Amino acid sequence: MAEKKPHLDESHAEAASGGIPQLDFSTWAGQIFWLIVIFAILYFVLAKFILPKLGNGLAERSDHIADDLDAASRFQKDAEEAEKAYTHALADARAKAHNVAETTRKSVDAEVATELEAAEAEAARQTDAAEARIKTLRDKAMSNIDEIAEKTADEIFTNFIGKSATPAKLKAALKSI
Amino acid sequence: MASDPMEQFQIKKIFDLDLAGLNIPFTNSSLWMAVAAISVIGFFALTTKGKLVPGRMQSVGEMSYEFLANMVKDTTGPEAMKFFPFVFTIFFFILFANLIGMSPYAFTTTSHLAVTAALAVFTILMVIVAGIVKNGLKWFKIFAPSGLPILMYIIIIPIEIVSFLSRPLTLAVRLFANMTAGHVMLKLFAIFAAFLVGQGGIMAGASIAPVIGTMGIIALEFLVAGLQAFVFAILTCVYLNDVYHVDH
């Protein structure tokens with residue numbers, strides 16, 4: 001039962017005059033009672049409301065950070081894989097391009113070689129034909145020369161001697177020159 | 001101005017209360033205990049906003065949580081986290097009571113042996129009860145370390161019992177004596193300064209020395225306020241070791 005006293009009690013001060021107030025045991029029961037009440041309330045509030053909230057907040061944050069780190073490492077792995085795929089594709093494309101260039105070069109080379117061969121053969125053939133023609137023309141010319149020389153010699157002979165030489169003798173004479 | 005340095009420790013009744021024949025008045029001591037408890041709750045109500053990215057206040061709350069949680073884990077072990085709320089409460093109750101006691105006209109509840117003794121006895125009783133609940137009667141082996149010759153136990157067991165029983169005593173007296181002595185010193189220096197000013201003349205000028213002394217003691221007392229709360233909390237953790245580690 002609460003009983004209010006109008007005046008502030010001085011009895012404790014008097015009781016303490018003999019020693020320090022801390023050793024005035026008449027105040028102990030009151031102090032300890034209120035300590036227990038107040039401490040219990042404080043403990044209850046802290047343990048039931050404040051500490052779980054603080055602890056959850058901290059746990060949530062560390063979870064969040066761990067999740068984010070996981071996600072970051074996953075993204076990094078993805079990026080690395082993408083880079084690997086990219087370099088792979090690049091290398092493939094390069095090899096393919098190289099192949100194409102090589103085959104094209106080879107076919108072009110072969111074509112050039114065949115055309116060159118054909119051209120050479122054509123050239124050789126034409127050269128042969130030309131040479132043959134030159135040869136016939138020269139032969140013809142040579143035989144014409146013989147004829148002209150014979151005629152000229154016959155005329156010269158006729159003019160000098162006044163009678164024509166026998167063609168067989170003329171020919172033999174011309175040959176011996 | 002009161003010239004008695006012990007006057008500041010007077011318990012003054014605010015209203016009277018009788019419960020089951022026991023006189024338990026609500027006093028200035030009770031009032032300042034309530035102020036300390038409400039301050040702790042108010043402080044942490046401001047710090048538990050539960051934001052993912054903490055602000056300044058939330059950081060302070062989370063740092064104190066982690067500081068005390070690590071203290072319990074490092075000193076006693078992760079299994080002692082059951083007692084973490086108790087250690088947390090005792091640390092912040094004592095810290096705030098000490099700090100609030102530093103402000104003028106405030107009453108320092110922790111300068112009273114009744115309060116510190118109650119806290120210390122409760123802590124030790126909690127260790128004993130928790131130890132027996134956890135280990136049964138084997139818990140009493142903490143008084144008899146294993147692997148000693150029989151003859152040694154005659155000496156060791158009384159020593160262990162005395163050292164165990166002295167724990168609440170030292171726990172209580174350490175806090176009470178520190179707070180009382182600090183406040184008495186502060187009061188003495190202040191009274192001396194006031195006395196010198198009252199003398200007038202050159203003596204009044206000399207009062208600068210005790211004023212500087214008072215300032216030094218105030219700084220020291222703030223350190224002691226934090227340190228004693230820490231010491232009480234860490235010793236609680238050390239004593240809680242006996243609950244979990246019977247073979248030491």
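This is a predicted model: local features need pLDDT of at least 70, side-chain atom pairs count only at pLDDT 80 or more; totals for chains, interfaces and linings use all residues.
Colleague: Which residue of chain B meets A:Arg61 in a salt bridge?

Modeller: The structure holds 5 salt bridges over all chains, and the one made by the side chain of A:Arg61 has an N to O distance of 2.8 Å. The pair crosses between chains, from helix H2 of chain A to helix H2 (residues 56–75) of chain B.

Colleague: How many residues apart are B:Asp242 and B:Arg167?

Modeller: These two residues form a salt bridge whose closest N and O atoms are 2.7 Å apart. The pair links distant parts of the chain, with B:Asp242 in helix H7 (residues 208–244) and B:Arg167 in helix H5 of chain B.

Colleague: Which residues are linked with A:Glu102 in a network of salt bridges?

Modeller: A:Glu102 forms a salt bridge with A:Arg105, the closest N and O atoms being 3.3 Å apart. Because they are 3 residues apart in helix H2 of chain A, about one helical turn separates the two. Both are partly exposed, A:Arg105 with a relative accessible area of 45% and A:Glu102 with 28%. The residues linked with A:Glu102 in the network are A:Arg105 and A:Asp109.

Colleague: Which helix gives the largest share of the lining of the second largest pocket?

Modeller: This pocket holds about 260 Å³ of space, and its lining divides into 13 nonpolar residues, no polar and 1 charged. Among the residues nearest its centre are A:Phe39 and B:Phe122. Two helices each supply at least two lining residues, H2 (28–161) of chain A and H4 (113–135) of chain B. The largest share, 6 residues, comes from H2(A).

Colleague: What is the area of the nonpolar surface patch that includes B:Ile154?

Modeller: B:Ile154 is in helix H5 (residues 150–199) of chain B, and the residue is exposed, with a relative accessible area of 58%. The patch is made by B:Ile154 together with B:Leu151, B:Met152, B:Ile155 and B:Ile159. Its area is about 520 Å².

Terms used. Residues are numbered from 1 along each chain as its sequence is written. Chains are lettered from A and ligands numbered from 1 in the order in which they are written. Side-chain values use heavy atoms; hydrogens and water are left out. On a 1 Å grid over the protein atoms alone, a cavity is a set of points where a 1.4 Å probe fits but cannot get out, and a pocket is an open set with protein on both sides within 12 Å along at least five of seven lines; lining residues have an atom within 4 Å of a point. Grid points are joined across faces, edges and corners, and a volume is the space filled by probe spheres set on the points. Helices (H or I, at least four residues) and strands (E, at least two) are DSSP runs, numbered from the N terminus. Ala, Val, Leu, Ile, Met, Phe, Trp, Tyr, Cys and Pro count as nonpolar, Asp, Glu, Lys and Arg as charged, and the others, Gly among them, as polar. Patches are made of residues with over 30% relative accessible area and no salt bridge: like charges are joined within 9 Å, nonpolar side chains (Val, Leu, Ile, Met, Phe, Trp, Tyr) within 5 Å. Accessible areas come from the Shrake-Rupley method with a 1.4 Å probe; for residues, only the protein chains shown count as cover. A salt bridge is a side-chain nitrogen of Lys or Arg within 4 Å of a carboxyl oxygen of Asp or Glu. Buried means under 20% relative accessible area, exposed over 50%, partly exposed in between (1.4 Å probe, protein chains only).
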